[in-house]
Amino acid sequence: MKLKKYTLSALVALFGGAAALSLSSCGEDASASAGGDFTAEQVSEALYTVLFADRKVYASKIVTRLAKEEKVIKAHEDWKEEKALLLPAQMFREGAETVDGMDKPFGFTYSLQSLWPLNMENAKKRTPAVMEGLEAVSTKGLDTYGKKWTGEEEINGQKYFVGVYPDTASAPACWTCHNDHENRKDEYPEFKKGDVMGGIVIRIPKA
Amino acid sequence: MLAFLKKHKSLLLWLIVAGALGGRLGYIFFSGEDKSIILPGATTNGHHQIEQQCTACHTDEEKENVFTSSGVPNSACIKCHGDDLEAFSDSHPVRKFKNPENAVFTQHINALNCVECHKEHNLKITEEMGVTIPKDNCAHCHQVTLDNLESHQNLGFNTCDTAGCHNYHDNVALSPAFLRKQYGKPDHKEVQVRETGDLLARMIENGFRERDPLTASQADAPADKMTNQEHIDEWDASAHARAGINCMDCHEDSTNAPGEAWIEFPTEKTCAKCHDTETNDFYKGKHGMRLKEGLSAMTPEFARIPMHVDAAHSALSCSSCHSDHNYDREFASYQACIQCHSDEHTQNYEKSKHFKTWKSEVVHKSPTGSGVSCATCHMPTVDREGQLVVNHNQNANLTPNDKMLKDTCLQCHGAEFAMSALADESVILGNFSKEPEKRHPGVLWSANLAIEKGDEATIKMKEFLDSIKSDEEPKEYIQYEESEKNEKNEK
């Protein structure tokens with residue numbers, strides 16, 4: 001896939017509290033230098049690294065520790081009403097929505113999608129490219145299972161780089177909520193630790 | 001030239017008339033406050049107070065993007081409504097639709113622009129909350145939700161908000177989890193006392209220095225201003241004197257030239273030096289929004305609801321409700337309102353049970369917080385980051401009125417009862433003198449769903465309720481059915 005180059009002086013990725021990452025690297029054929037060129041895939045990779053790390057820390061060191069181990073507070077889908085922690089997926093979505101409202105380099109967006117959505121309105125958001133990516137990263141038995149998928153798509157006349165990265169069940173809160181949820185459909189799989197439950201979708205507009 | 005004009009007198013006359021008309025219109029456009037003559041149409045109930053200040057909505061950003069924008073920019077709306085949208089976690093923030101994956105939804109309604117749903121100057125198509133698109137607009141995106149909810153199978157999309165359950169922006173009042181917890185709550189709580197705040201304690205907590213109380217002999221106004229003994233006596237007995245606030249704290253502007261520091265009539269800006277929270281809330285409501293936009297103060301003559309004629313030209317300021325020197329909160333909670341308001345709801349207040357509780361509290365027959373005045377519901381004491389604040393935006397919980405539930409109604413009543421009352425216009429007009437005849441089904445629906453899913457707490461509550469209501473008349477619930485939708489559409 002031919003990737004467009006992007007120029008970058010600093011990249012700020014914000015998720016949850018605030019994680020800042022500055023990049024100064026190179027594009028496909030550019031030498032490393034501060035303020036150099038980057039491919040969309042490289043930018044996407046950098047974003048995913050931060051998102052993955054923050055998601056892992058929130059799930060393990062906040063939710064699992066406080067709700068499961070120390071049992072000082074629960075994590076609940078109705079977090080406001082129940083005065084509880086946000087579920088890891090809700091935390092991720094809140095961060096994504098905050099980023100949607102910010103001025104940021106590259107105009108990137110990200111979200112969490114799955115072949116087995118609990119909220120059927122999220123199902124409508126899955127474009128053909130995202131569906132292809134989700135099938136690749138989360139279908140057991142395929143060589144692509146658990147590996148990133150990249151592609152391109154066009155929405156409303158704008159071309160996008162699309163990266164779909166496997167989202168793995170890392171904390172009990174993830175699989176217990178999905179396996180027991182009232183919206184879960186009969187044909188959905190029973191998730192367990194380490195299963196790919198969906199994908200982190202990163203989009204970067206192309207010039 | 002003169003000869004030419006003499007020869008063409010009609011042209012001269014035309015030029016004079018056109019010039020005068022142009023000059024007049026120019027004055028109205030650039031300087032005059034009353035711009036009604038150049039308005040393209042009447043504005044909504046929420047904006048008509050400031051319609052004379054075109055630039056309140058038509059900002060420079062719109063002018064700069066006049067050929068590319070779709071009208072009034074979002075920033076103009078956010079300027080006044082942004083804080084509230086953030087405070088109640090807007091369910092459909094614009095930012096959500098900036099994500100390209102939501103393009104599937106914006107193809108039906110371009111939710112990126114506020115004016116997509118809130119067009120101004122067109123009352124013919126304007127519904128409640130200034131909405132100018134059809135009421136069943138939720139259908140575009142939420143059909144799949146309805147299809148998957150058994151309790152909602154017979155409901156029309158035009159009833160989503162009319163039932164008082166869902167709102168496009170503000171769903172802080174109701175959620176299924178909240179409703180489920182309200183199941184079985186009695187209509188009237190055994191203890192009906194609401195929380196009240198301590199203003200002075202809050203101000204000290206926020207950094208104001210505690211002062212020693214003052215008495216009349218310590219009043220620091222210039223001698224030539226100390227001519228009204230009534231004012232001095234009122235101040236002497238006031239909370240201001242007890243908190244050490246002296247005459248010059250309000251009546252002095254130290255930025256004025258020497259000898260001209262005295263302010264005869266302090267404005268809301270003076271009050272804001274200490275009461276900035278209250279003043280900012282006041283600016284957000286219909287009482288203060290004109291002042292915020294730099295217009296003259298709101299007067300009842302601008303109102304679209306019935307007001308007392310003799311109050312028509314009373315300019316609204318802090319002192320309209322809080323008298324100049326005695327700051328009587330009892331007066332501000334009720335009598336101040338009826339100075340101007342004369343609508344049916346207001347007129348029925350003195351016949352209501354709420355008024356009886358207020359009278360009882362005022363004469364100390366019942367505890368503080370047990371009486372219900374106008375302010376109890378329309379300027380409720382709310383918790384903001386752990387501090388109790390009287391919300392001086394009296395419109396905040398009316399838009400829509402189910403926002404009144406948590407901060408006011410539920411202090412004393414069960415949710416099903418309160419939601420039923422708020423859904424019944426005749427009950428509201430009667431100022432809650434009668435109880436609602438039909439019940440709002442929201443709490444029951446949520447409880448039934450919880451029971452179906454095996455929620456133990458809800459099942460136990462149902463068993464308890466079944467065991468005690470054998471002789472009770474069965475409740476009649478409001479039917480928000482598809483047939484109602486068709487009936488309304490025919491109208």
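1. Let's start with a stretch to treat with care. This is a predicted model, and over residues 483-491 of chain B the pLDDT stays under 50. For those residues the model has 7 contacts beyond four places in sequence. Where pLDDT is low, the predicted coordinates should not be read in detail.

2. Which helix has the lowest mean pLDDT among the elements of chain B? That is helix α25 (residues 482-490) of chain B, with a mean of 44. At the other end of the scale, helix α17 (residues 344-347) of chain B has the highest mean, 97.

3. Now for the wider picture. Chain B has a mean pLDDT of 88, and 94% of its residues reach 70 or more. The scores given for the model are ipTM 0.80 and pTM 0.82.

4. Next, have a look at a pair of helices in chain B. Helix α23 (residues 442-452) of chain B packs against helix α24 (residues 456-468) of chain B at an angle of about 115 degrees, and their axes are 8 Å apart. The crossing of α23(B) and α24(B) is left-handed. On the α23(B) side, the contact is made by A447(B), A450(B) and I451(B), while α24(B) brings T458(B), I459(B) and K462(B). Sorted by class, this contact has 4 nonpolar, 1 polar and 1 charged residues.

5. Finally, find where the two chains meet: 19 residues from chain B and 19 residues from chain A take part in the contact. On the side of chain B that touches chain A, α5 (103-106), α6 (139-147) and α7 (176-182) each supply at least two residues. The largest share, 4 residues, comes from α6(B). This side of chain B divides into 8 nonpolar, 6 polar and 5 charged residues.

Key. Residues numbered from 1 in each chain as written. Chains lettered and ligands numbered in written order. Predicted model: local features only at pLDDT ≥ 70, side-chain atom pairs only at ≥ 80, totals over all residues. Axes fitted to C-alpha atoms, helices over the stretch in contact; angles between N-to-C directions. Left-handed = near helix turned anticlockwise from the far one by under 90°. Nonpolar A, V, L, I, M, F, W, Y, C, P; charged D, E, K, R; others polar. pLDDT = per-residue confidence, 0-100.
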